[in-house]
Amino acid sequence: MGALSKITLDAVSTPGIFHVDGLTQESAAMTSRILESNRSNHIFTSSEKEMGASLHNHVVYHALTLFALGASPELILSQCKRNFTYQLPPPKLVDEECIREMASGEEGFAKYLGKEEHFLDFVEFFERQLDRDGPEKVLQDYLLGDSDTAKSVFPRLWHGYVHSIMHVGLGLEFKQLPILAEGLAEASVHHDWWYTKFIDTAAEKAQKEPEPKMSIVDILDECLKDPVITGCIDWEYSKQYEAPSEEYPDGRWFVTREPYRDGVVGLALEPLSRLAARYRVSPDDDLERAVAEIINASIYIAASAQRAPHQPHYDFFLIHGANACMWHSVFLKESSITRAQQAHFIETTGRLLFFLWAGVGSPVPQLDYLLNVYKPKVPNRGWEQIFEAACLHEDDGHMIKLIRALAHGEKACKPYDHLPEFRIKQNMFLHCANAAMDSASAQPMVYIRHFDLIRLVGLPEAWDHIPIMAQ
């Protein structure tokens, strides 16, 4: 790897934008060692050739969140060791000829975009660029600027169920340029064109056919009235998992029909992009408030997606929106990102919330059910106890990321609690976190199979295996 390949966390200088008190240097050192060892793994845990989609290596997300929420070195190690068991080696080693082509100009760089086998080539390329030019210039040249390269990489931040934006955000949040290089490389090898299609279509409608501006939650209410949007997903999209067999003892995932590609973009692109275009952010807006709005709306969408009379659970896809919005609090602190770029960045994430929501069956919000019918299993459980439980939970980091996003949301949204578009109020964040932890399965994650989160939460069939709420 390049000169920047050493990851060095510090409990005082790099604790993250949201963290508990009392972080230790021992945990920082352990997390650094784990993230260093993860550098030899692929960014994906599966090959698209095998299953029609590539699932992600989550070690970076899990380890850093464990560190920020105060996990001991021993706990961080044990959680990550379990997840190391199913990581893949990279499909090829670094190729200097590829890196020279990437550095030769936009045409050479574009040659390798969307090709997952070149992940390590992109990591090495971005490390060298960061070492030579610094993060400010690299972000402009390859992500946020006006070049064809930046315009191609930027929407890829949200490809793959909104992953690369989180990886880039973690690199900036914890001030680790090697992780930033990984995040930029991760974005560069994604090729889920349907995300870009939605982003570009909504942006074009906002520019050429502008309708009155609306808040995210008000647009969501309008989406619910459109049968094309609410009917674009059916239960057939859930059939992506094969039960354990002699050939695949742990079972396997295989994507043939992709809900966002074939359902949302295939059937509902026109009406959904038209409504999404009504969410707009201007450089002259209060950008702190704009970030808080997408954070609050993403949590509202994820937390309210319940179905009476079942016990509360969160949707796998919707939590990625809630997690991703958190890092806009980090991006907003980057002085090299112009106000116009910040506005465009926030706006794009805000619009993607509708995309994520439609792709899980357009769940009708049931916030009252969550707040007034559900009662936490552990009375009076506060944030400290929630963080401890999340650290102990045996998955690949999805649950603990959600918990940290909820806690950060409470803090970020506090100044705007009086505004109607902020439907998750201050007294609700902890309740939402309790519901998340109460949905956490005692069964450890097996390979890449979750037992906590459900998929396509807007469809009644998704709830068939979820217990009825005890009276």
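What share of the contacts in the protein with a separation of 6 or more comes from residues 24 or more positions apart? Such residues account for 79% of those contacts, where a contact means heavy atoms within 4.5 Å. This is a predicted model, in which local features need pLDDT of at least 70 and side-chain atom pairs count only at pLDDT 80 or more, while totals for chains, interfaces and linings use all residues. Residues are numbered from 1 along each chain as its sequence is written, and side-chain values use heavy atoms, with hydrogens and water left out.

**Overall form**
- The protein contains 24 helices and 2 strands; these are DSSP runs numbered from the N terminus, with helices being H or I of at least four residues and strands being E of at least two.
- The C-alpha trace spans about 65 × 55 × 50 Å along its principal axes.

**Burial**
- Of the 471 residues, 62% are buried, that is, under 20% relative accessible area with a 1.4 Å probe, counting protein chains only.

**Charge**
- The protein has 44 positive and 66 negative charges, and their mean positions are 2 Å apart.
- Lys and Arg count as positive and Asp and Glu as negative, whereas His and the chain ends are not counted; each charge is placed at NZ of Lys, CZ of Arg, CG of Asp or CD of Glu.

**Helix α11**
- Just after α11, Lys175 adopts a positive phi of about 55 degrees.

Terms used
Buried means under 20% relative accessible area, exposed over 50%, partly exposed in between (1.4 Å probe, protein chains only).
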